[in-house]
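Hello,

Here is the structure I promised to hand over. Please open it alongside this message; my notes on what turned up follow below.

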Amino acid sequence: MCRLALKTASDPFSPYEVLTAMEAMQEGYDGSGLGLLLRGLQFDDYKYNPKNPILSGIAHSEKAWHRLNKFMDERGFELRYDHEFETQAGKIEAKDRYRYFLRVYKMPATLAAKSEEEIETELMMTRLALRKNGEDHGNDLTAFSFWPDVVTIKEVGWPLDIGDGLGLNDSRIKSRVCMAQGRQNTNYGINLYACHPFFIQGIASMTNGENTAFVPIRDWLLGKHFPGYTGYQSDSETFTHILHYTLKQLQLPLQAFKHIITPLCNEELANHPQGEFLTGLRNTCRRLIIDGPNAVIATLPDESCMLVMDQKKLRPATVGGREGVWSFASEMCGVDAMIPDRDPANDFQPMREHTIIVPPERKELTIWSQHDPYPLDQAA
Amino acid sequence: MVSARSVSVGPGSLSYTDLPWIIQHREDRCTLCGHCTAVCPKEAIYLAYRRQRMPKLDVLKKKRGNEYRTFVGIRQRKNMANACIGCSMCSMVCPNEAIQPVPNDNEHRTLFFNNQKGVPTKRGGRRNKTGSTLLDRMMFNRISMLTDPALDAGRHEFNVTTTLGRTLDPAEFLKRTKEGGWIPPTREIFPFVIGSMSFGALSPNMWLGLLQGVAYCNEVLGIPVVMCTGEGGCPPWVLKSPYLKYIILQIASGYFGWDEIIRAIPDMQCDPAAIEIKYGQGAKPGDGGLLMWYKVSKLIARLRGVPEGVDLPSPPVHQTLYSIEESVMKMIQTLSTAFGHKVPIYPKISASTSAKSVLNNLVRNPYAGGLLIDGIDGGTGAAFNVSLDATGHPIASNVRECYLDLVKQGKQNEIPIFAAGGIGKNGNVTQNGMALIMLGASGVHIGKYIMQSAAGCLGNERNRCNVCNVGICPKGITSQNPKLYRRLDPDLVAERVGEVFMSIRTEMKKIMAPLGRSQSLPVGMSDALGIVDKDVADRLDIKYVC
């Protein structure tokens, strides 16, 4: 079972702290992958403007590296900062890593003048085109995210080794939000794109456990013909896309996500103040109902963090912390490792109906229950 | 060699070994009680008095002569009209196990005489195709073993219901909710539906038993089973009862019973579960319903608004002005309007290579609430042999290609596909149904299975019984003759309906739990299916396993 850790703090911190927490939960993964996603970035050698998009990925050969440069130039993106990872040979298992990239670009003026939606589409299409470019050339180029204030790092191996291998312990990169997943490879081949967190248009999520309803959900999402609903090297990528669909396409509040992936049962809906609306929502989004022993942890562009459980709650996750700093982890020891100086009596393990939200101001947790009135005018 | 004229045989003369079923009678056990002959629906057996000559030769007295003895026993008639149908009612009533029919494994010659008086034989029942079906051979093989543990069928909560009725695209649903627009009606039902068997095809006791059972499932067991009336209306007391919500009313090309239904609308306490418009039937595609005159009793005649004792053949198609598409569109819209747009309306068609066209037509019809596809293994109350045996399309590939077509369009949640035809034919009802669900059906309809399991229908794929058409059902399931249908106790049928659906629900959990599924019916979960047949696997886009 994969291990998950998230830390969010008002003061930026090194991702290495979260990797240390992964170490505490080591029984649960097998070194088949690490995924890291950082938001609210701070570089010690560059003053970053959080409006500029950051491209994260790996060039597996020099040729791919040159193609990447050419591709971004042609698309009109101007390089502003190119983070040089202090790589340590021998720590990374894979041998075909020519260069990890984390590059800040300035958007072309023509694009910057466009609407937010058009910008978001262009950033996504650029990432997808780069991904396709790599796939068309024997997978020699991997692009994880291209978005303002988001960095994604994925690699095969043990989390601490990867952290050391990429020099993440030198505090040159810090962030206010860090998501990490230590992967337990299951049914699928080891593939960099299969590492969590998954990312689409500012929305990221990671999950432990498999989603046994993967195929029907994937089929339905593919039927939406939205270009970003692609990939699916991991069944958990569907969670990210469902969250994207909920927030971006349906324009529903974050609470709706839980109602969509694990709707209340018929009897519970009959007693809910907005039961009729929620029954309709359940029916209309029926193919997005998940099934699996999952904790889903997600972050949004405004740095909100969310944790929900699968309906069966076979894998309880924990949230703990204090004002200004919070952490989610698939195991309680992960929370201990990330925020040892907290009152553990205030830790919370969400039940199946709960959605835990840490809002951007990070003052306190919001614990929202599906049985609570639904906060939307549609349901009125 | 004797002259031909002295031999009392004609071209149509048959011997015992020419008949499909041969009666074995043990005279040493027979008590001559007469139960068997009284119960035989075909009058295939009779009590006979026979004289036996015993040649007697007294050598010493040099006399020769005869002695005669008479004896009585059961004999089998050998003409086509009275040929034994193997129902075994005789052996069921015999107090001494003295009689039973046995299937004749010879190539029996009755096949060449099933056109007496120039009329091809009709029968009720099934296709008569023995052996395991394709659905029987499906395996559920995506077993959760590692990260996703298998669930506990006995202890976890399972959601096993499905949606009947059109569902909107989520964005459209939210838009209409906000604007106060029309949201198409849906029903949350158990995915195994009692398929359309008409009041007319079924006896009053059978119908009552089913309805009692369905009500018990809903109100006591919490299993939201619904049943379909078939063509032929619905008794007025049911139309005006709170049980109507468990009933799908069928309208077919004969429109039988719809006068009563329309007249009852103002008095209805609740809406029916749905309206099914029958355009075709898997057992006899391209053919209309048929209620033969034997079964048009006074009660049936009154319900259907027809004279007693006449054949009621429905036309093969609905009366249309221009085209079937237009008819489908108009009928769906008209019926939706008649019930205030509060009842799902869906068509039933026979499985066919043209099913996809019908489906796509429905996708664009905002009032269409689903599609029921009935495969070649479906049953019927009456049809010509040739229709039953040779016309139609198997259900599995038809459902699969329709589902995949919807997937391509992203519409698979909007129009539910229901499948029928041969589900549970060999008893594996849950396995068959769940396989179809994983191929893409939202639910299945079962007809023959429920007759066999709940009422003890004797029919089988070796043409046992299968006389539903002529009203002589020995169990009283498909007869309108009070002497016969009083044999069937509706309470016992209801009890069996409850047992059957409880068992299906448990088996569904036992299938879903190892797959790690509990939160929703695994519609379209084709990654869970495997079959030891490469061609089938390729055709259905599932895993080939060996």
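This is a predicted model: local features need pLDDT of at least 70, side-chain atom pairs count only at pLDDT 80 or more; totals for chains, interfaces and linings use all residues.

**What was found**

**Chain B, overall**

Chain B holds 16 helices and 21 strands. The box filled by the C-alpha atoms of chain B is roughly 115 × 60 × 45 Å along the principal axes.

**Chain A, overall**

Chain A has 11 helices and 16 strands. A compact globule of 380 residues would have a radius of gyration near 21 Å, and the 20 Å of chain A agrees with that. The C-alpha trace of chain A spans about 60 × 45 × 40 Å along its principal axes.

**Where the chains meet**

How many residues of chain B are in contact with chain A? The count is 36, and they face 35 residues of chain A. On the chain B side, the elements that give two or more residues are α3 (170–179) and α11 (395–409). α3(B) gives the most, with six residues. By class, the side of chain B that touches chain A has 12 nonpolar, 18 polar and six charged residues.

**Two helix pairs**

Two packed helices are described by the angle between their axes and the distance between the axes. Both numbers are below for one pair in each chain.

In chain A, take helix α2 (residues 62–75) and helix α4 (residues 116–136). Their axes come within 11 Å and cross at roughly 150°. Are they roughly parallel or roughly antiparallel? Angles over 145 degrees count as roughly antiparallel, and α2(A) and α4(A) are therefore roughly antiparallel to each other. The crossing of α2(A) past α4(A) is right-handed. From α2(A), the contact uses A:Ala64, A:Arg67, A:Leu68, A:Phe71 and A:Arg75. From α4(A), it uses A:Thr126, A:Leu130, A:Asn133 and A:Gly134. The residues of this contact comprise four nonpolar, three polar and two charged.

In chain B, the pair is helix α13 (residues 448–455) and helix α15 (residues 490–512). They pack at an angle of about 115°, with their axes 8 Å apart. α13(B) and α15(B) also make a right-handed crossing. α13(B) brings B:Ile450, B:Ser453, B:Ala454 and B:Ala455 to the contact. α15(B) brings B:Val493, B:Arg496, B:Val497 and B:Val500. By class, this contact has six nonpolar residues, one polar and one charged.

**Backbone points in chain A**

Most residues other than glycine have a negative phi, and most peptide bonds are trans.

The peptide bond joining A:His196 and A:Pro197 is cis, with omega about -10°. Where does A:Pro197 lie? It is in the loop between β8 (173–182) and β9 (198–200) of chain A.

A:His225 is not a glycine, yet its phi is positive, at about 55°. A:His225 sits in the loop between α6 (214–222) and α7 (237–249) of chain A.

Best wishes

Methods
Residues are numbered from 1 along each chain as its sequence is written. Chains are lettered from A and ligands numbered from 1 in the order in which they are written. Two residues are in contact if their C-beta atoms, placed from the backbone, lie within 7 Å. Helices (H or I, at least four residues) and strands (E, at least two) are DSSP runs, numbered from the N terminus. Ala, Val, Leu, Ile, Met, Phe, Trp, Tyr, Cys and Pro count as nonpolar, Asp, Glu, Lys and Arg as charged, and the others, Gly among them, as polar. Axes are lines fitted to C-alpha atoms, for helices over the stretch in contact, and angles run from 0 to 180 degrees between N-to-C directions. Angles under 35 degrees count as roughly parallel, over 145 as roughly antiparallel, 65 to 115 as roughly perpendicular and the rest as oblique. A crossing is left-handed if the near helix is turned anticlockwise from the far one by less than a right angle, and right-handed if clockwise. The radius of gyration is taken over C-alpha atoms; the globule rule is 2.2 Å times the number of residues to the power 0.38.
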